[in-house]
Amino acid sequence: VCSTDLDIRLGLQLPFAHQVVDVNLAVTNVMNTPYMSHLSLVRSMGIRDMGRDVSIKIRIPFGLKGFSR
């Protein structure tokens, strides 16, 4: 059985308080297709991999005044 997974990743940078904030949204296995990885350790037991996964990442850089490298 051959199936393909559909993944979507979006990212943007927003100016906020004199710095840039990164916001990322990722959705893996959008169609929630059941599958088994060929590298899975539990493949012989018939346990399928996780279905749909949604994640949000927000990165806010913090700086110290007067700190130089």
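1. The side chains of Asp 22 and Arg 59 meet in a salt bridge, with 2.7 Å from N to O. Asp 22 lies in strand β2 and Arg 59 in strand β3, so this pair ties together parts that are 37 residues apart in sequence. The term salt bridge stands here for a side-chain nitrogen of Lys or Arg within 4 Å of a carboxyl oxygen of Asp or Glu. The structure holds one salt bridge.

2. A word on what you are looking at: this is a predicted model, in which local features need pLDDT of at least 70 and side-chain atom pairs count only at pLDDT 80 or more, while totals for chains, interfaces and linings use all residues. Residues are numbered from 1 along each chain as its sequence is written, and side-chain values use heavy atoms, with hydrogens and water left out.

3. Asp 22 is buried, with a relative accessible area of 11%, whereas Arg 59 counts as partly exposed at 42% relative accessibility. Buried means under 20% relative accessible area, exposed means over 50%, and partly exposed is in between, with a 1.4 Å probe and protein chains only. In the strand pairing, too, Asp 22 stands opposite Arg 59 in β3.

4. Now the sheet as a whole. Three strands form an open sheet in the order β1-β2-β3, with antiparallel pairing. The edge strands, each pairing on one side only, are β1 (8–16) and β3 (53–59). From one strand to the next, the twist averages 10°; axes are lines fitted to C-alpha atoms, and angles run from 0 to 180 degrees between N-to-C directions. Strands are DSSP runs (E, at least two residues), numbered from the N terminus, and two of them pair if DSSP finds at least two bridges between them.

5. Ile 8 has Val 27 in β2 as its bridge partner, and Pro 15 stands opposite Val 20 in β2. β1 and β2 form a hairpin with two residues between them, and Ala 17 in the turn has a positive phi of about 50°.

6. Ile 58 counts as exposed, at 55% relative accessibility. β3 is hardly covered: the count of buried residues among its seven residues is zero.

7. The nonpolar surface deserves a look. A patch of about 1100 Å² is made by Leu 6, Ile 8, Leu 10, Leu 25, Met 31, Val 54, Ile 56, Ile 58, Ile 60 and Phe 62. The elements that give two or more residues to this patch are β1 and β3, and the largest share, three residues, comes from β3. Patch residues have over 30% relative accessible area and no salt bridge, and nonpolar side chains are joined within 5 Å; the areas come from the Shrake-Rupley method with a 1.4 Å probe.

8. Finally, a loop residue. Asn 29 lies in the loop between β2 and β3 and counts as buried at 3% relative accessibility. Leaving aside neighbours within four places in sequence, Asn 29 is in contact (heavy atoms within 4.5 Å) with Asp 5, Leu 6, Asp 7, Tyr 35, Met 50, Gly 51 and Arg 52.

Conventions. Helices (H or I, at least four residues) and strands (E, at least two) are DSSP runs, numbered from the N terminus. Patches are made of residues with over 30% relative accessible area and no salt bridge: like charges are joined within 9 Å, nonpolar side chains (Val, Leu, Ile, Met, Phe, Trp, Tyr) within 5 Å.
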